[in-house]
Amino acid sequence: MSKLALVLVAAVVFLGGCGENEESSEGQTRQARVVRQVKLHRAAVHRAKMRQQARAAARRHHRQAMARRRRAQVQAEEAQRRAAEEVEAEELASEEAVVEEESECDLNYSGACLDPYASDYDCEGGSGDGPEYTGTVTVVGEDHYDLDADSDRTGCEPY
């Protein structure tokens with residue numbers, strides 16, 4: 001029982017005549033007021049407890065909602081990361097396929113696809129004996145087929 005309630009009970013006993021057999025109507029009125037005040041006090045305490053419990057429940061609900069949002073955000077970020085990794089893997093596979101296709105051409109020349117396994121290339125319309133022939137090419141690496149006679153990085157130039 002709270003201090004205020006104890007004080008109010010003591011007041012009821014005191015105002016009630018301290019055990020006297022004859023109670024006056026004034027004492028009964030005071031006693032009724034004190035009892036009413038005790039009841040009001042208890043009701044106020046009860047309301048305060050209910051408000052406190054409601055606030056605690058609201059805080060719990062808010063924490064749970066925030067945790068759900070954080071979990072959803074983490075899951076969305078993880079899904080986005082996985083999707084980006086899949087796209088990157090697909091791009092890498094595509095690039096590897098292009099490199100494999102390009103590897104069928106000699107990487108020292110661009111502008112035409114020269115077979116890297118051919119024994120020799122000569123310029124089309126020239127005096128070479130082949131066995132393979134090509135048109136104008138850009139030398140981007142080593143000119144092992146000797147197609148760039150003037151060393152300007154362009155092979156089989158039309159004259």
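At 48% relative accessibility, cysteine 113 counts as partly exposed, a label for values between the two limits of buried (under 20% relative accessible area) and exposed (over 50%), computed with a 1.4 Å probe on protein chains only. This is a predicted model, where local features need pLDDT of at least 70 and side-chain atom pairs count only at pLDDT 80 or more, while totals for chains, interfaces and linings use all residues. Residues are numbered from 1 along each chain as its sequence is written, and side-chain values use heavy atoms, leaving out hydrogens and water.

Let us start with the cysteines. How many disulfides does a search of the whole structure find? The search finds 2, where a disulfide is a pair of cysteine sulfur atoms within 2.5 Å. With the bonded cysteines of the protein numbered in sequence order, they pair as 1-2, 3-4.

Cysteine 113 has cysteine 105 as its disulfide partner, and cysteine 105 counts as buried because its relative accessibility is 18%. The other disulfide joins cysteine 123 to cysteine 156. This pair links distant parts of the chain, 33 residues apart: cysteine 123 is in strand 2 (residues 121-123), and cysteine 156 is in the segment after strand 5. Strands here are DSSP runs (E, at least two residues), numbered from the N terminus. Cysteine 123 is partly exposed because its relative accessibility is 23%, whereas cysteine 156, at 9%, is buried.

Here are the two links side by side.

| Disulfide | S to S distance | Angle about the S-S bond | Handedness |
|---|---|---|---|
| Cysteine 105 and cysteine 113 | 1.6 Å | -95° | left-handed |
| Cysteine 123 and cysteine 156 | 2.0 Å | -85° | left-handed |

Next, have a look at aspartate 148. Where does aspartate 148 lie? You will find aspartate 148 in the loop between strand 4 (137-139) and strand 5 (154-155). Aspartate 148 counts as buried because its relative accessible area is 10%.

Which residues does aspartate 148 touch, not counting those up to four places away in sequence? They are Val139, Asp143, Arg153, Thr154 and Gly155, with contact meaning heavy atoms within 4.5 Å. Threonine 138 is 10 residues from aspartate 148 along the chain, and the C-alpha atoms of the two are separated by 8.5 Å. Finally, a polar atom of the aspartate 148 side chain lies 3.1 Å from the backbone nitrogen of aspartate 152.

How values were computed:
Helices (H or I, at least four residues) and strands (E, at least two) are DSSP runs, numbered from the N terminus. A polar contact is a pair of N or O atoms within 3.5 Å; within protein, one must be able to donate a hydrogen and the other to accept it, and residues adjacent in sequence count only if both atoms are side-chain atoms.
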